Amino acid sequence: MQSVLITGGAGFIGQNLVHAWCAARPDDRLTVVDAMTYAANIRSLESLIADRSILFVRGDIRDAALMRRLFDEHKFTRVAHLAAESHVDRSIVDPEAFLQTNVLGTFTLLKAALDAWRSWGTIDRARFLHVSTDEVYGSLGPNDPAFSESSPYRPNSPYAASKAASDHLVRSFVPTYGLPVLITNCSNNYGPYQHPEKLIPLMIIHVLEGKPLPVYGDGSNVRDWLHVSDHCDALINVIEQGRSGETYNVGGGNERNNRDLVGLICDTIDRAFAADPNLSARFPSCPATAGRSTRTLIGYVTDRPGHDHRYAINATKLATELGSRCRVDFESGLGQTVRWYLDHEEWWRDVTSGAYKAWIDKNYGYRIVI
Ligand code: NAD
Ligand code: TYD
């Protein structure tokens with residue numbers, strides 16, 4: 001039985017990880033700490049909180065006194081660190097929050113873990129998992145080999161640079177202080193509970209509301225899509241079985257360019273409307289209601305500055321050392337994700353009200369159609 005701290009547990013991957021952890025290791029004690037930024041949502045955790053399966057603490061990882069108090073009260077033996085500012089476009093508009101949370105917040109948490117585990121004399125039995133991104137490696141050309149754990153760091157956005165800085169800081173705690181850390185660098189996740197500022201949910205919701213689908217640039221940028229459930233399984237495996245001090249890349253083995261991916265989302269929704277007449281009544285602004293292809297909504301807009309062309313992950317180390325492999329086939333994973341957003345309209349309507357609307361105006365207001 002372990003006492004586990006999950007930071008950022010109210011975010012997209014965090015919520016999925018909490019559910020995966022409770023299912024896989026029901027005897028572990030889970031504490032979730034989350035600052036509840038715009039990206040957070042605890043609705044999916046409410047029943048776990050109510051029946052005391054998990055403890056939820058609203059708090060900021062930069063708060064050193066709170067972090068130390070939580071360690072002392074709950075005697076964590078595992079930390080899965082996911083709390084972060086995670087959206088590239090926001091990091092372009094307002095990078096400071098990224099440095100604050102991703103760099104200073106990670107430092108504060110590392111220090112709290114080190115101090116606690118040293119003072120209890122348990123550092124040899126503890127594990128600290130830092131969840132990071134493939135974006136630290138920069139951008140690949142069309143024929144370049146996929147990123148491996150030894151690829152050089154070449155971050156191109158303030159988000160990627162802040163995650164790169166945090167990775168370096170985490171790694172430095174191994175030789176300097178003997179902190180037992182593991183780092184994972186994963187590709188783009190998709191699945192339930194993803195905030196609609198990110199590509200896949202944004203496009204699904206725009207299709208349902210009959211709004212333009214803003215593809216950046218010419219839509220040739222490639223991402224390697226990883227289902228969040230495969231990612232969470234890999235995270236649990238790495239924290240339990242991974243070699244301390246090591247990095248493991250996690251990828252989906254599903255490279256798609258944005259143009260093709262958005263087209264696939266449109267086709268998936270068109271088929272869902274054709275099969276279920278109730279959807280037309282629920283989403284009257286969607287072109288599929290009138291039997292028109294929703295691909296007609298696709299438009300190309302001003303590119304993201306510093307837009308990385310391609311990400312791809314070589315996940316051989318994870319598979320050969322730890323036996324973790326992706327199980328979710330992309331087309332069925334995308335179909336399930338579309339279904340999830342169709343079935344959780346209230347969830348995304350709540351998220352897309354208020355502050356979200358202000359963000360959409362800011363990010364897409366200045367982009368011209370090309
Ligand atoms: P998210 O933005 O959905 O969630 C982040 C969570 O962190 C939110 O609940 C937020 O409230 C919380 N948070 C932010 N600042 C905090 C602070 N100072 N103190 C405490 N909590 C704070 O992000 P996500 O998509 O779930 O990503 C989780 C982790 O995985 C991040 O570290 C991210 O860099 C990494 N990652 C994500 C992806 C992806 O495709 N989503 C890909 C690679 C890596
Ligand atoms: P995103 O989901 O923001 O993830 P990341 O930037 O971390 O890869 O974007 C995924 C891809 O989709 C990226 O190439 C940018 C592109 N994109 C669009 O074309 N239009 C959009 O409105 C958004 C949000 C992203």
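Select ligand 1 and the residues around it: by class, this shell holds 14 nonpolar, 11 polar and three charged residues. A shell residue has a heavy atom within 4 Å of the ligand. Ala, Val, Leu, Ile, Met, Phe, Trp, Tyr, Cys and Pro count as nonpolar, Asp, Glu, Lys and Arg as charged, and the others, Gly among them, as polar.

The model is predicted: local features need pLDDT of at least 70, side-chain atom pairs count only at pLDDT 80 or more, and totals for chains, interfaces and linings use all residues. Residues are numbered from 1 along each chain as its sequence is written, chains are lettered from A and ligands numbered from 1 in the order in which they are written, and side-chain values use heavy atoms, with hydrogens and water left out.

Next, pick out Ile13, Asp34, Ser86, Tyr159 and Lys163, which come nearest of the 28 residues around ligand 1.

Now show the polar contacts (pairs of N or O atoms within 3.5 Å). The side chain of Asp34 places an N or O atom 2.6 Å from an oxygen atom of ligand 1. At Ile61, a backbone N or O atom is 3.0 Å from a nitrogen atom of the ligand. At Val131, a polar backbone atom lies 3.4 Å from an oxygen atom of ligand 1. Taken alone, the ligand exposes 830 Å², and the protein buries 96% of that (Shrake-Rupley method, 1.4 Å probe).

Colour H1 (12-24), S5 (127-133) and H6 (158-177): each supplies at least two shell residues. Helices are DSSP runs of H or I, at least four residues, and strands runs of E, at least two, numbered from the N terminus. S5 gives the largest share, three residues.

Notes. A polar contact is a pair of N or O atoms within 3.5 Å; within protein, one must be able to donate a hydrogen and the other to accept it, and residues adjacent in sequence count only if both atoms are side-chain atoms.
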